[in-house]
Amino acid sequence: MFLGLDSSTQSLTAVLIDSESGKIACQLSVNFGAEFPKYHSPSGFIPGGKDGEVHSNPLMWLEALDLLLSRLSSATDLSKVKLIAGSGQQHGSVYLDATFDARLAKLDPALDLASQLSPALTRATSPIWMDTSTGAECAEITAALGGSAEVCARSGSIAIERFTGPQIRRFYKSDPAAYERTSQIHLVSSFIASVIAGKSVPIDFGDGAGMNLLNLSKLGWDTDLLAATAPDLGKKLLPPAAATTVQDRISPYFTQKYGFAENCRSALFTGDNPASLVGMGATTPGNVVISLGTSDTFFAAMPGPKTDPNGFGHVFGNPAGGFMSLICFRNGSLAREALRDKLGLDWSAFDREALAGTLSSAGENLMLPFFGPEITPRHDFTEPVFQGSSAFESGSDPALQVRALLEGQFLNMRLHSEWMGVKTERIRLTGGAAKNDGIAQVVADIFQAPVERLDVLNSAALGAALIAAVADGHDLPALQEIFCKAAPGSSLQPSPSLAATYDEALGRFQTLLNANL
Ligand code: XUL
């Protein structure tokens, strides 16, 4: 059996797979807000941070690890687990002093993780991916490197507020003494991996690429980015490595306390998005995952470290080898819900409206589907822009607006993923709105690729379990055939007759967008 753990923003999840029977043996989740009210983090982070700061308490993640494993050991026999891998919310960082490794080496199973490791923290709380406090630090790093294009070409992204490098720089500037006492900086992923391994283990290429510090072509820390971020930073990070790098036996703390076998080993942990790429069965180029959530995200495997010339998209390591893109669109469900409410529709009507009666006007009316500030493209929109027939612009025919909103969202997605230079052959749709057939059909038609929906609940934790199996020598494509199957009857085919329609609409959409930036 192989265990995948995902330490995400709101919860810690375990997925245990049995590679012989091809079944998920057990999955369990611990919700931080519900289980640990003492951390005052109902949604997994401490609310009310100043100047855009959003932090979490890393001790909460450790308490969750103890609780989840104790529940898991009651539910199943953990002595059958051969290897553990995992993932974490990306970009979050944990700061530790020189005693961290010694504390890990002598963890006492009679005590808990949080109390034994808390004295090693040099920063009580961890900035996470929702933090936007580092605008000044991003500007400083960018200036030191000679511009955004250089930062992006090296690290896969322009300097981004939530990325770890700018966050480390802010810590160094605000508390230089604590920064100096820090001898090890971990991501959420490598922190949990280190606790499991009983020693500090490296950050993997998947999550490491979300720091503005990893040189993608060299797959090592970039000396100029390190120097632009904070002094002696290279000494506080282990050399990065592939997620499938196997460590020795896990810490005796876990074998003695939760019944893992003595020869159970662990791999490195990666970011939740790279792990999801694995769990969604989309690790080979041509496969695309579109996740429809509060924000929409588009991620896809890429053979080489190509970067977005406009600096909107990000490039991370792909745990199966090569690279992946991640492009985030802020106006996802937020925009769909805003229009739905404006038109007084419910979700099923929203779906029907998207399909019924409006197919003959596909691609005709254009909407820039931004109800608020957008990040891809980066612009402070305040309301959508309409261009088309008077029935469309006046809203007298709501169905036309529904179609144009969805078309606008996915034309924008197609436009801003073209830089990858990878032809979309299959789309796996996930997230709240994915089950909506009307939306799924628009996606298929605009990208001219079949769309599938998966039954996978915890794609990051499942991906981590698959990474554990691969680290043990199993074949990833064979495992993905079994564990990442499309839900029966969930596939939708594109209509070839709409290919030319949307090619042409894409050009007009781009012109309208450029005129409004
Ligand atoms: C990706 C990002 C989030 C986090 C949280 O860049 O910030 O998706 O990984 O899950």
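Here are a few notes on a ligand site and a helix pair in this predicted model.

1. Ground rules. Residues are numbered from 1 along each chain as its sequence is written, and side-chain values use heavy atoms, with hydrogens and water left out. As the model is predicted, local features need pLDDT of at least 70 and side-chain atom pairs count only at pLDDT 80 or more, while totals for chains, interfaces and linings use all residues.

2. Who sits around the ligand? Look for Gln90, His91, Trp129, Arg162, Asp272 and Asn273, each with a heavy atom within 4 Å of the ligand. That shell splits into one nonpolar, three polar and two charged residues (Ala, Val, Leu, Ile, Met, Phe, Trp, Tyr, Cys and Pro count as nonpolar, Asp, Glu, Lys and Arg as charged, and the others, Gly among them, as polar).

3. Now zoom in on the ligand's oxygen atoms. A polar side-chain atom of Asp272 lies 2.4 Å from one oxygen atom, and a polar side-chain atom of Arg162 is 2.8 Å from an oxygen atom. For Asn273, the distance from a side-chain N or O atom to a ligand oxygen is 3.1 Å. Taken alone, the ligand exposes 290 Å², and the protein buries 87% of that (Shrake-Rupley method, 1.4 Å probe).

4. Next, helices H5 (residues 135-145) and H7 (residues 164-174): their axes come within 9 Å and cross at roughly 105°. (Helices are DSSP runs of H or I, at least four residues, numbered from the N terminus; axes are lines fitted to C-alpha atoms over the stretch in contact, with angles from 0 to 180 degrees between N-to-C directions.) So H5 is roughly perpendicular to H7 (65 to 115 degrees).

5. Which residues of H5 and H7 make the contact? H5 brings Ala136, Glu137, Cys138, Glu140 and Ile141, and H7 brings Gly165, Pro166, Arg169, Arg170 and Lys173 (contact means heavy atoms within 4.5 Å). Sorted by type, the residues of this H5–H7 contact are four nonpolar, one polar and five charged.

Definitions and conventions. Helices (H or I, at least four residues) and strands (E, at least two) are DSSP runs, numbered from the N terminus. Angles under 35 degrees count as roughly parallel, over 145 as roughly antiparallel, 65 to 115 as roughly perpendicular and the rest as oblique. A polar contact is a pair of N or O atoms within 3.5 Å; within protein, one must be able to donate a hydrogen and the other to accept it, and residues adjacent in sequence count only if both atoms are side-chain atoms.
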